[in-house]
Amino acid sequence: MMIRYASYFIAALLPLLLFRWFAPVSIGEIDFWLLWLLAMVLVSLPVIYAEIALAYRSAEAPLAGMQKLTREADASALWRGFGWLAALVAIIIAALVISGASTGMLTALTDLNSTPEVPSFAVAAGLMVIAALLSLLGVTPLPIGLGLMLIGLIFGVANGLPNITFAMTNISLGEWARAVALALVSVGAGTGLYWFGQNRITKQAVTAVGVDNHYAQNPSRAQASSEYRATKLVLPIWMLQLLVGMVALFISGMTLPPIGQLLYWAGVVFVASYLLHYSTQQLAHKFGLLVSLVITAVIAIVLVVVIPTIWLVGILVIISTIAVLLLSVFAGWQMKISHLRKSLNFGNEAFYNLWRVAIRLIVPVALLLALIGWVMQWLS
């Protein structure tokens, strides 16, 4: 049952996890809000549709699914890089939030006059080991993490909401870059998480039918149960992301009391464990479960110990953008039109044509402009 709602937990959690890294210095920048909303519609929504469509078409998780789809489309093995990059992006997100958790916990303990005599990188490594062990529990840590984070945020709300002054500012490529990064990374577009979640639901359903042969004597019900519409899956996820994202933007500047911080960051560790679980499951397709768990844990620990947090943000932006670019070009230009039309199963042909224009043209152009904006911002 928990697997069925994993995508919704992720949709609610990622904005809470990542908005603080990409939100503008002034949360009251109205133009940034509008750019973020535009990026959510023009970039994130088509990409999530693509993930769900490829999940349905491949009937496999991202890494294995891309191998199957590239063979089916007679496309270069280069496109299979999306599966590897998606697993890596999840590890980087886990490293970024664990790095933030170690700093946040040490700050909270300092405020409580009980700071441990341990360097920050050691705390981060220890938290990552805990997250790696929790990853063995699969989806179970997600609701626990969400609950702890919400309790921590309630402490912050009780402490007082930030005073926001709204104003229009000059629009720039750098602002568009932040908006696109926020729309992609914070909703998990291009990470393969929704692809993975849909694949797990499908496998669970197939297993359930196979065990009790429930539909064997009722073919009409079996046919009805297999009725698939991408809109029924994508729109609830996207709308939840939009709602939570707006809340997260409002509370990005909120100060949490020490107890609230400890609860919030403890929840973050639980959520990070699911990201490691996802990466482990992807790599297990090639290396086996145990070896994949070790590889995932080692990469994650190296990232939090060796690489500064601000660098992790830059690495995440670059790799996630490349991953989404690969996904959009593959779905838009390499996949057969008939296959994607059947996979998406839109009720209206016009909606499919709009999605195809977006995934083929609008998404790649928006991503390239965002990358240019980030480069200009870093150079300045």
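The largest share of the lining of the largest cavity, 4 residues, is contributed by α15, where helices (H or I, at least four residues) are DSSP runs numbered from the N terminus. The model is a predicted one, in which local features need pLDDT of at least 70 and side-chain atom pairs count only at pLDDT 80 or more, while totals for chains, interfaces and linings use all residues. Residues are numbered from 1 along each chain as its sequence is written, and side-chain values use heavy atoms, with hydrogens and water left out. A cavity is defined on a 1 Å grid over the protein atoms alone as a set of points where a 1.4 Å probe fits but cannot get out, and its lining residues have an atom within 4 Å of a point; grid points are joined across faces, edges and corners, and a volume is the space filled by probe spheres set on the points. By this rule there is 1 cavity of 30 Å³ or more. The largest cavity holds about 40 Å³ of space and is lined by A177, V180, A181, T321, L367, A370, L371 and W374. Two or more residues of this lining come from each of α7 (173-185) and α15, and by class the lining comprises 7 nonpolar residues, 1 polar and no charged (nonpolar: Ala, Val, Leu, Ile, Met, Phe, Trp, Tyr, Cys and Pro; charged: Asp, Glu, Lys and Arg; polar: the others, Gly among them).

L367 of α15 also takes part in the contact with α2, in which L42, V43, P46, V47, Y49 and A50 of α2 meet residues of α15 that include W355, I359, I362 and A366, contact being defined as heavy atoms within 4.5 Å. The axes of α2 (residues 30-58) and α15 (residues 349-379) come within 9 Å and cross at roughly 125 degrees, axes being lines fitted to C-alpha atoms, for helices over the stretch in contact, and angles running from 0 to 180 degrees between N-to-C directions. α2 is therefore oblique to α15 (under 35 degrees is roughly parallel, over 145 roughly antiparallel, 65 to 115 roughly perpendicular and the rest oblique).

Helix α5 is in contact with both α4 and α11. The axes of α4 and α5 lie 9 Å apart at an angle of about 125 degrees, which means that α4 is oblique to α5. In this contact, A94, A95, I98, A101, S102, T103, M105 and L106 of α4 meet S120, V123, A124, L127, M128 and A131 of α5, giving 11 nonpolar, 3 polar and no charged residues. For α5 (residues 120-134) and α11, the axes come within 8 Å and cross at roughly 60 degrees, and the two helices are therefore oblique to each other. L127, M128, I130, A131, A132 and L134 of α5 here contact V269, F270, S273 and L276 of α11, a set with 9 nonpolar residues, 1 polar and no charged.

The second largest pocket, a pocket being an open set of points with protein on both sides within 12 Å along at least five of seven lines, has a volume of about 390 Å³. Among its 18 lining residues, R20, M254, L256, Y264 and W265 are the closest to its centre. At least two residues of the lining are supplied by each of α1 (6-22), α4 (81-111), α10 (230-251) and α11 (258-287), and the lining divides into 10 nonpolar, 7 polar and 1 charged.
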